Amino acid sequence: MNLRAILQKYARSRQFREFCTNTRNAYTSDLDAFLRWVVRHHPTTEITDITCKLVQEYCISRLEGGVAIRTMRRQVSTLRGFCNFALDDGHIQSNPLLGFPWDDVEHAQIHCMPTLGLDEA
């Protein structure tokens, strides 16, 4: 089963449907953004290809595009929940996003932040 099909299965799951409407909308948006990025940058990615390194690359790309670190934290949390579903459903052997290395992403954020021109004289 490909990544898109598993994402769709997650969106139809009882677990997903039990979230409140706002949470479902936010999670759907987060998962759609990740899938669009994957299709654009790594079109052959399967569920078993999701690694911390891939998600770090996704985060850094989004940060460079102006997404706030707080938003990225929520999006990674959404992806972690999706990976828990994929684990429970037998698509993966372990959740690759447990213990996600935020320090590396936050360090990269410093290099992505726009300068405010304060050091220019």
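Student: Among contacts in the protein chain between residues at least 6 apart in sequence, what percentage join residues at least 24 apart?

Tutor: Contact means heavy atoms within 4.5 Å. Of the contacts in this chain between residues at least 6 apart in sequence, 64% join residues at least 24 apart. The model is a predicted one, in which local features need pLDDT of at least 70 and side-chain atom pairs count only at pLDDT 80 or more, while totals for chains, interfaces and linings use all residues. Residues are numbered from 1 along each chain as its sequence is written, and side-chain values use heavy atoms, with hydrogens and water left out.

Student: How many helices and strands does the protein chain have?

Tutor: Helices (H or I, at least four residues) and strands (E, at least two) are DSSP runs, numbered from the N terminus. The protein chain has 6 helices and 0 strands, in the pattern α-α-α-α-α-α along the sequence.

Student: How do helix 3 and helix 4 cross?

Tutor: Axes are lines fitted to C-alpha atoms, for helices over the stretch in contact, and angles run from 0 to 180 degrees between N-to-C directions. Angles under 35 degrees count as roughly parallel, over 145 as roughly antiparallel, 65 to 115 as roughly perpendicular and the rest as oblique. Here the axes of helix 3 and helix 4 (residues 52-64) come within 11 Å and cross at roughly 100°; the two helices are therefore roughly perpendicular to each other. Helix 3 contributes Asp30, Ala33, Phe34 and Trp37 to the contact, and helix 4 contributes Leu54, Val55, Glu57, Tyr58, Ser61 and Arg62.

Student: Is Cys83 buried or exposed?

Tutor: Buried means under 20% relative accessible area, exposed over 50%, and partly exposed in between (1.4 Å probe, protein chains only). Cys83 lies in helix 5 (residues 69-88) and is buried, with a relative accessible area of 2%. Of the 121 residues of the protein chain, 36% count as buried.

Student: Which residues does Cys83 touch, not counting residues up to four places away in sequence?

Tutor: With that exclusion of residues up to four places away in sequence, Cys83 touches Ile50, Ile92, Asn95, Pro96 and Leu97. Cys83 and Asn95 are 12 residues apart in sequence, and their C-alpha atoms are 5.6 Å apart in space.
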